[in-house]
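User: I am new to reading protein structures. Can you take me through one?

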Amino acid sequence: MRSILLVAFNTFREAVRDRVLYNLIVFALLLIGASFLVGQISIGIERQVLISLGLTAISLFGVVIAVFIGVGLVSKEIEKRTIYTVLTRPVRRWQFIVGKFFGLFGTLVVNTFFMAIGFFAALALQAHRLQWADGWLVVALWFIVLEFVIITALALLFSSFSTPLESAVFAFVLFIIGTFSEDLREFAQAAHGLTRIVASGAAYLVPNLAALNVVGRVAHDQALPPSLIFYNTIYAALYATAAVAAAVLIFERRDMK
Amino acid sequence: MLKKRGITVVAFAVLAVSLAASALIVHLVDRMSADTRLEDVLYLPSARVLKRVSLGYNTLVADLYWTRAVQYFGSKHHSRSSRYDLLYSLLDITTDLDPRLLVAYQFGSIFLAQSPPEGAGQPLLAAKLVEKGIRHDPENWKLYYNLGWILASEMKDYQAASKVFERGSKVPGANPAMGVLAATTAQHGGDVATARLMWTQIYETTENTAIRANAIKRLQALRVDTDIPQLEQSLKQFQEAIGRLPRSWAEMQATGWRGPTVDPLGSPYLIMPDGHVEVADPEEFPFITRGLPPGYKPPFTPDISPALAGNSQQNSQPQKP
């Protein structure tokens, strides 16, 4: 356990030193501020565009951070040969992978926290007060964090066996496919025979990111059922666990030479 | 050191001059192609494609398309254009991406319905847009209000407008004025029987004193507007038979004729020398369209909206005619 925490803390410390991180956070905050401008040149959507743009910026930039930092988590250590130093310590390979996962996830949670502060500040400035319906925005942010859990795990999985460029491409492609996961399941249901089997397998293998995207609903102040929050949380935990387990399996057998 | 500073100065100067010159070139190119701008082109004309491209962030893309629609309408309106070719497409895509964007239906339909140069002059498309909104959100009474307004104000189809207002009045939480509007438009469209039924219903179901008083005035006006043509027809028949107009209603009744001779307030209708019939006091009937003296302009009397009338109940209840 201590080894995992040490690797996680070290990963977090290295991640926050990355300048790309700060640039992306600043850019996300700028986009949130820009939503004020959009509200000025439109009619009746000031609050909605602030929520849509704000949450979308947090989500997309968080995914970019997760992918760009995540794909190098293992491969950079191998490239720099620092992994040998780490593994000669009493740190098992699986502890290394799990620690990396929690380190990056912690980084993303902290980033989301700061972006959320900027987001709620903008909302309070626009509406001159926060209201009870804004509570659903916290749920939307929680779902974004769950999205990061999944993407981080996938980036780590790809990083455990491929180059950073390939890992980035795989991770982004899975992110995009994950946003269409509902369509994929509908297609699988409409298909027949072998196509149905393959499509169904693919539909359940890709991450169900569509269920985590509630930006449209909270932008219209619609309530979210507690069961959705529960199921999404369990799903993200299970999916990330599976991806990290796969990363451990691959990394345990990987030849470092 | 001096050489380095010299290079820095030259580099800054080149940077500033290059930027300024490029900005000038952009301005010149814009002026050259002013007539061939692409602003009237929908970059992505399909909501289906946009939904894919937006990666699930449909609401945000809908907001951007709505903003684009507003800017498009604004620029056309500002230049007093009579053509708004892209407006409906932009609004259609916006509402496909986010069917719950109420402002797009409400304001978009107004932009579409009004005659040029105030709007696009496309009331049919405006109605189609709002009907789409109603399909997605049938429990939103405001959409029925929008549709009824388009039908009554722009398409002059008062019967259809009345039906829409009536549908909207039955939506839970609807503004009670929707019922008033249903009855008003029915009356305006000449459907006296429906209008009478609606005003009676309003009178019997509301507890608001101002609305009940307004309903009474409307019912009285309906009665007068029904009585006057009937009386004038009877006078014409009397004149054809006898060769002159009757001196009083009693003379008509002496011939066996039976008809209304007093207005809803009990004052006798007046027989004018030219065969027309007028009410004794037009100011008592602000909503009548018949029986008015020539040149008389009734004062503007709005139908009372519950939102304006307040909810207080007074002791004396107005009596139904």
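User: Does A:Pro226 count as buried or exposed, and why?

Analyst: This is a predicted model, where local features need pLDDT of at least 70, side-chain atom pairs count only at pLDDT 80 or more, and totals for chains, interfaces and linings use all residues. Residues are numbered from 1 along each chain as its sequence is written, while chains are lettered from A and ligands numbered from 1 in the order in which they are written. Now count C-beta atoms, placed from the backbone: a residue is buried if 20 or more others lie within 10 Å of its own, exposed if 12 or fewer, partly exposed in between. A:Pro226 counts as exposed because it has 9 C-beta neighbours inside 10 Å. A:Pro226 is found in helix H12 (residues 226-252) of chain A. Helices are DSSP runs (H or I, at least four residues), numbered from the N terminus.

User: How many residues does the largest nonpolar core have?

Analyst: A nonpolar core joins buried Ala, Val, Leu, Ile, Met, Phe, Trp, Tyr and Cys residues through C-beta atoms within 7 Å. Here the largest has 149 residues. Helix H7 (residues 135-159) of chain A gives the largest share, 17 residues.

User: Which residues is A:Ala153 in contact with, leaving aside neighbours within four places in sequence?

Analyst: Contact means C-beta atoms, placed from the backbone, within 7 Å. For A:Ala153, the partners are A:Phe101, A:Ala240, A:Ala243 and A:Val244.

User: How many residues of chain A are in contact with chain B?

Analyst: 19 residues of chain A are in contact with 15 residues of chain B. On the chain A side, H3(A) gives the most, with 5 residues.

Conventions. Helix = DSSP H or I, 4+ residues; strand = E, 2+ residues; numbered from the N terminus. Contact = placed C-beta atoms within 7 Å.
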